[in-house]
Amino acid sequence: MNAPYEIDYETIFKFAPVGMCISVNRVIQSSNDALTSMFGYPHGALDGESFLRLYPTMDEFLRTGHRIIPIMNARGRYSDERIMRRASGELFWCHVTGRALDPRDPLGAGVWTFEDVSEKRPVSAELTPREREIAAFLVEGKTSKMIARETDLSPRTVEMHRAKLMRKFGAATSSELVHKLMGVTR
């Protein structure tokens, strides 16, 4: 069955309903309108920019890059939910998925999608960069020991950050904290 029109992949990329970009070594080569709009930038303003521009801090950018490499090496793709930063400085939860075009070069050329999940999960407390990182792992269902391994922290330090998050979110239990981080009301 023939389509009544020719498939134009550039148009599909441009008008995709999710933020998309092509990157090489964590530098955006081309981004679609949904991505620039989501982050509050004018059309094309992110092209040629480092992903660093989308992170709350340099430290979070570096730690995420460090975490991505072994996962991309093992699976050829990466996915997580993390707090990102809009042009205005507003922080928001974002679901990020990426795939390397060459599995042997995880941070080389790749395709990345970004979905704003802030309506389901608002950022409702002032968090430090480390607390944002720990919160992202908790949302993924990781234990303190698992988080400690992935962040090179001790389990005790992770527990300390979890306790601070529980106080900031007014959560009595770890389960309640995760629900609050996910924007689930009980």
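Trainee: Why is Glu10 called exposed?

Mentor: Its relative accessible area is 66%. Exposed means over 50%, buried means under 20%, and partly exposed is what lies in between, using a 1.4 Å probe and protein chains only. So Glu10 counts as exposed at 66%. Glu10 sits in helix α1, residues 9-15. Bear in mind that this is a predicted model, where local features need pLDDT of at least 70 and side-chain atom pairs count only at pLDDT 80 or more, while totals for chains, interfaces and linings use all residues. Residues are numbered from 1 along each chain as its sequence is written, and side-chain values use heavy atoms, with hydrogens and water left out.

Trainee: How far apart are Glu10 and Asn32 in sequence and in space?

Mentor: They are 22 residues apart in sequence, and 9.5 Å apart in space, C-alpha to C-alpha.

Trainee: And Asp80, buried or exposed?

Mentor: Buried, because its relative accessibility is 5%. Asp80 belongs to strand β3; strands are DSSP runs of E with at least two residues, helices are runs of H or I with at least four, and both are numbered from the N terminus.

Trainee: What makes the link between the side chains of Asp80 and Arg82 a polar contact?

Mentor: The distance is 3.0 Å. The cut-off is a pair of N or O atoms within 3.5 Å; within protein, one must be able to donate a hydrogen and the other to accept it, and residues adjacent in sequence count only if both atoms are side-chain atoms. Beyond its neighbours within four places in sequence, Asp80 is in contact (heavy atoms within 4.5 Å) with Arg67, Cys94, His95, Val96 and Glu140.

Trainee: Why are α4 and α7 called roughly perpendicular?

Mentor: Helix α4 (129-139) and helix α7 (174-181) pack at about 100°, with axes 9 Å apart. Axes are lines fitted to C-alpha atoms, for helices over the stretch in contact, and angles run from 0 to 180 degrees between N-to-C directions. Under 35 degrees is roughly parallel, over 145 roughly antiparallel, 65 to 115 roughly perpendicular, and the rest oblique. Hence α4 and α7 are roughly perpendicular. Ala135, Leu138 and Val139 of α4 meet Leu177, Val178 and Leu181 of α7.

Trainee: How do you know that β1 and β2 pair?

Mentor: They share four bridges, in the antiparallel sense, and pairing takes at least two bridges found by DSSP. The open sheet has the order β2-β1-β5-β4-β3.

Trainee: What makes β2 and β3 edge strands?

Mentor: Each pairs on one side only.
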